[in-house]
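Hi everyone, thanks for coming. I'd like to walk you through one structure today, so please have a look at it with me.

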Amino acid sequence: MYKIALLPGDGIGQEIVPQGVRVFKHAAGKFGFDVEFEEALVGGAAIDALGVPLPDETLALCQNSDAILLGAVGGPKWDTLPVHLRPEGAALLKMRKALGLYANIRPVRMLPSLLKASTLKEEVLQGVDMVVFRELTGGLYFGEKGRREVNGEMQAFDSLVYSVSEIQRIARQGFEAARKRRGKLCSVDKANVLESSRLWRETVNELAEEYPDVELTHMYVDNCAMQLVRWPLQFDVIITENMFGDILTDLASMLSGSIGMLASASLGGKVGLFEPAHGSAPDIAGQNKANPLATILSVALLLRYGLGQEHAATAIEGAVSKVLDLGYRTGDIYEPGTKLVGTVEMTDMVLGNL
Ligand code: NAD
């Protein structure tokens, strides 16, 4: 019996998490395990109900579960709140820190049937299969920040801080993953400008001595952004710090057709957090238009990395590929000649092929 904390959050989170649960229950029945779900408030929904974006009871539920499935948080309604109440900062960053989730894993794979859905050329995308490891609890998003008046003018600052141990633990995850894949690791930094990047690079180089079988390269983040759209096939495993990873993974989502396809796993502590890489998409919320596949693929990651149910994970990924091969598409991946379906119908198709 597994206990899963469900945090739908805001916007399309309310629509896609229930679809992920349908697939989860079906997989549990098929692969012979029991699962119990308990839902809690997070983000704007929690602010509206309880006045805080991450209520204590939500965090307690997360800490006492086997894994967490999250939708998305945030939206225009809460954008003007003070920083300590904003859903993204105060809920997500606090949850990551409290649960020790220092490694965010985002697999980016181009499924052949989606080759035409991306804005990039087919010949650039064919065969793309990489994993990005983003450091999640350090760097600019967690460093000291504030405002101060200097010479009568307001100034704002954010500090980018990394310690050797923080770099080592995420880099180790990258080396281990590369070892199990094609043996190539690219470490992304800005060592020509940033001191934190120079420490990052030195630390990764030292660790590389333990992994002689992994081919290590370094790349500046600006070049990496360009290389991801120029020749993405060169990448196997990428490791990078928090903010660079935030930006590069959104960019890389177009290598898998749409941000609505990209799943993510945040690991490092006792309990893993699994969520689609996209946000709450307020522009399409409540219209049955959201692509549920990133959430369904996040359920697959949860089964694999959170519960060790590899067969169930592979079966879900197979069902998603099959549905796409059959030509079913939500609006974000639609192309002429394919069948346009909504959030619920897309999930029905996955269930029918699982
Ligand atoms: P977004 O990812 O929500 O949306 C960007 C674009 O992609 C929109 O046009 C949206 O319609 C589309 N899109 C996203 N997911 C989709 C899906 N599953 N199916 C179809 N189309 C999809 O990013 P944004 O617009 O920058 O942010 C909206 C809100 O979400 C903001 O409040 C932001 O802070 C928040 N956000 C939350 C998270 C999170 O909870 N992890 C991550 C990113 C942004």
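Let me start with a word I'll be using: a residue counts as near a molecule if one of its heavy atoms lies within 4 Å of it. Please also keep in mind that this is a predicted model.

So, which residues come nearest to the ligand? There are 20 residues around the ligand, and V73, E88, G279, A281 and D283 are the ones that come nearest. Some backbone atoms are worth a look here too. For A281, a backbone N or O atom sits 2.8 Å from an oxygen atom of the ligand. G75 also places a backbone N or O atom by a ligand oxygen, at 3.0 Å. And S280 has a polar backbone atom 3.1 Å from an oxygen atom of the ligand.

Now let's step back to the whole chain. The protein is divided into two parts: domain 1 covers 1–114 + 258–354, and domain 2 covers 118–256. Taken over C-alpha atoms, their centres are 24 Å apart.

How many residues are in contact between them? On the domain 1 side there are 20, and they touch 24 residues of domain 2.

What about charges and polar groups? On the domain 1 side, the elements giving two or more residues are α4 (87–99) and β4 (103–109). Of these, β4 gives the most, with seven residues. By class, that side of domain 1 has 13 nonpolar, three polar and four charged residues.

Salt bridges do turn up in the structure, though: it holds 18. One of them joins the side chains of K77 and D48, at 2.7 Å from N to O. K77 lies in the loop between β3 (67–72) and α4, while D48 is in helix α2 (residues 44–50), so this pair ties together parts that are 29 residues apart in sequence.

That's my tour, and I'm happy to take questions.

Definitions and conventions
Residues numbered from 1 in each chain as written. Predicted model: local features only at pLDDT ≥ 70, side-chain atom pairs only at ≥ 80, totals over all residues. Heavy atoms only, no water. Domains from an automatic or database assignment. Contact = heavy atoms within 4.5 Å. Helix = DSSP H or I, 4+ residues; strand = E, 2+ residues; numbered from the N terminus. Nonpolar A, V, L, I, M, F, W, Y, C, P; charged D, E, K, R; others polar. Polar contact = N/O pair within 3.5 Å; in protein donor to acceptor, adjacent residues only side chain to side chain. Salt bridge = Lys/Arg side-chain N within 4 Å of Asp/Glu carboxyl O.
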